[in-house]
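Subject: Structure handover

Hi there,

Here is the structure I promised to pass on to you. Have it open next to this email, and my notes will follow below.

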Amino acid sequence: MKNIIISVIGICCTVCAVSVSCKKVTNFLDKPPGVDVTEDTIFSSQTQVETFITGIYNLGVHNGYPFLDQNARTNMDGIEAGLTDEGEGTASWFWPNGTWNIGNITPANGGSDFRWTDRWKVIRKCNIALERIDGVPNTPQGYKDQVKGEVKFLRALAYFEMLKFYGGVPIVQKRFQLTDNITGSRSSIDSLVQFIVKDCDDAVALLPSVYPATLRGRATKGADLMLKSRTLLYAASPIFNTGTPYLSMTDPANNKMICYGNYDVARWQLAADAAKAVLDWAPTGGIALITNQGTDKNYKYMWERTDNNEIIFASQEQPDLGYSFGGMAPSVPPINALCGYTVWLNFVKLYEKNDGTPETWDMAGGNDLNEKYAELDPRFKQTLSYNGSFWNVTLPNMQTYEGGQQAHGCYGGVWLKKAIPDAWNNTGSIVNMNWTIFRLAEAYLNYAEALNEAQGPIQPAYDAVNTIRQRSGMPDLPAGLSQSQFRDRIRNERSVEMAYEEHRFWDVRRWLIAENEGIMKGTFWGLKITPYPVAIPNNTDFSYLPYAQETRVFTKNEYLHPFPTSEVLKGYLVQNPGY
């Protein structure tokens, strides 16, 4: 751990270290007076502080668009959808294909955690800001308090991300000097969750509910409440809220680093209360579900329209070129991106019919594909691009049938559409998009899930999930469900509503179902589509034939990421079990 923190210190202190250690060599290497930026410079005025805080946001708030996250993602490609039944990146060199999908997660590759170093940088910068902000001259106290709230939120966000990756990690509450004893060990799950929640509780009193339009993207009370809600939901989930970890540590005394050591239903109630706090706050922040675009458009409007009223917190980094969507859009004529994501039948099966009953997919095949697509949950059509559907003005009629223009690599017969706006096309068009971190629909689903686990399927839990279903034209869940039945329905609802927003990979692991057949392990089903009748000019429908395209591997150790080998060898981190 000592070397982990020293590496962070080294990055942050490079300018100072160079200025101290380097001797004057030649006049050519001399810097003109006034160009060195020191910590004192940064905290000399409100303007300088703003630049510093902006840098923490840029480092601490990730963006799911691969080309906008290129500093973190080593190959500038791939999204988390390719790790689960949500999809498959159709280029073999996409990072999920060579790691998670073949069970090749090792400490050497770190499970493809691209932001390990960045999070420690964020934590150090936040600690510096907390120590120095009160000394900034000629700066209103209200602004200083707001900054404290923002950096406590950003520190909590960095620690939450490490909680979901690794379980307990060292807790650093101050910036270290080289003379400090900075050795440390992993925290327990309990201690880390308490630390994150305390930062959230401290921050919420200091943050505004809204900002001027020019400051969109900064942390609000709502963003802070959502972070607390998500943290407590994860803490209450089966992966942590148990006396028996998914695998035991080599020394069982260290199991507290990966689970609480007991099951406590009260943790679910805490999660429910935190989600309810978001719902109660929402009107104050001008936040509401999108419900005024029609049930066939509400969902798409939510993800396609920037800064809409459902978004609580989002990355505001903007695409500057059409290829910013590379790695998500299909490389099919006439659009040439990187490769895109095809969607497995495994995931398509999660979409109910629009009457709320399960769709029946005959694994021996059928001749009614168009009919099936037409009767699915309206969110299917607003999330995925399927045979015969509209992509954009460039591709008004997708052809994913055998021999069709968009069939190459489309194993599941369906391409991912969500997060790629209609306005983007193959001309290199400039399109501005948010990457949503928190939106209101998640709070409803968090509330329904946690309340069911705490008290059973009581009416407020029904009301929360039905609110989400109703805005997309789906009927209410049937009355009289058991707790187990409601659990299955809310998990399915979450999978559909939050699809491709980087939730599925974490949800199936916190629920401890990733190893179930067809989720992250086992057979993944493609769909062969042919015109029916065969003569295309006269076809009235298309036939489909499921086929086994891929077999994936998942082992229990993969419920948490491994710490990188380089960090464990420093002697302060206990590795997660099974690595």
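In helix 5, Trp 116, Arg 119, Trp 120, Val 122, Ile 123, Cys 126, Asn 127, Ala 129 and Leu 130 touch helix 6 through Lys 148, Val 151, Lys 152, Leu 154, Arg 155, Ala 158, Tyr 159, Glu 161, Met 162, Phe 165 and Tyr 166. Contact here means heavy atoms within 4.5 Å. Helices (H or I, at least four residues) are DSSP runs, numbered from the N terminus.

Before we go on, a word on the source: this is a predicted model, where local features need pLDDT of at least 70 and side-chain atom pairs count only at pLDDT 80 or more, while totals for chains, interfaces and linings use all residues. Residues are numbered from 1 along each chain as its sequence is written, and side-chain values use heavy atoms, with hydrogens and water left out.

**Helix pairs**

Two packed helices are described by the angle between their axes and the distance between the axes. Axes are lines fitted to C-alpha atoms, for helices over the stretch in contact, and angles run from 0 to 180 degrees between N-to-C directions. For helix 5 (residues 116-132) and helix 6, the axes come within 9 Å and cross at roughly 155 degrees.

Next, look at helix 8 (residues 221-236) and helix 9 (residues 266-281), whose axes come within 8 Å and cross at roughly 160 degrees. So helix 8 and helix 9 are roughly antiparallel to each other, and their crossing is left-handed. Residues that meet here include Leu 225, Leu 232 and Leu 233 in helix 8, and Trp 268, Leu 270 and Trp 281 in helix 9.

How do helix 15 and helix 16 pack? Their angle is about 30 degrees, with the axes 11 Å apart. That makes helix 15 roughly parallel to helix 16. The contact is made by Ala 461, Tyr 462, Val 465, Ile 468 and Arg 469 of helix 15 and Phe 486, Arg 489, Ile 490, Glu 493 and Glu 497 of helix 16. Here too, helix 15 passes helix 16 in a left-handed crossing.

Helix 16 (residues 483-497) has 15 residues and reaches 21 Å from its first C-alpha to its last, close to the 21 Å expected at 1.5 Å a residue (the expected span is 1.5 Å times one less than the number of residues). Among its buried residues are Phe 486, Arg 489, Glu 493 and Glu 497. Buried means under 20% relative accessible area, exposed over 50%, partly exposed in between (1.4 Å probe, protein chains only).

**Salt bridges**

Side chains of opposite charge can pair when their charged atoms come close. A salt bridge is a side-chain nitrogen of Lys or Arg within 4 Å of a carboxyl oxygen of Asp or Glu. A search of the whole structure finds 46 of these salt bridges.

Take Arg 155 and Asp 199, whose closest N and O atoms are 2.8 Å apart. Arg 155 lies in helix 6 (residues 141-166) and Asp 199 in helix 7 (residues 189-204), so the pair ties together parts that are 44 residues apart in sequence. Arg 155 is buried, at 4% relative accessible area, and Asp 199 is buried too, at 3%.

Then there is Glu 352 with Arg 469, where the closest N and O atoms of the salt bridge are 3.0 Å apart. Glu 352 is in the loop between helix 11 (345-348) and helix 12 (369-374), and Arg 469 is in helix 15 (residues 459-470), so this pair links distant parts of the chain, 117 residues apart. Glu 352 counts as buried at 10%, and Arg 469 is buried at 1%. Salt bridges that share partners join these two into one network with other residues, including Glu 310, Asp 377, Arg 489 and Glu 501.

Most residues other than glycine have a negative phi, and most peptide bonds are trans. Asn 138 has a positive phi of about 55 degrees although it is not a glycine. Tyr 500 has one of about 65 degrees, and is not a glycine either.

Are these two buried or exposed? Asn 138, in the loop between helix 5 and helix 6, is exposed, with a relative accessible area of 82%. Tyr 500, in the loop between helix 16 and helix 17 (504-510), is buried, at 6%.

Definitions and conventions: Angles under 35 degrees count as roughly parallel, over 145 as roughly antiparallel, 65 to 115 as roughly perpendicular and the rest as oblique. A crossing is left-handed if the near helix is turned anticlockwise from the far one by less than a right angle, and right-handed if clockwise.
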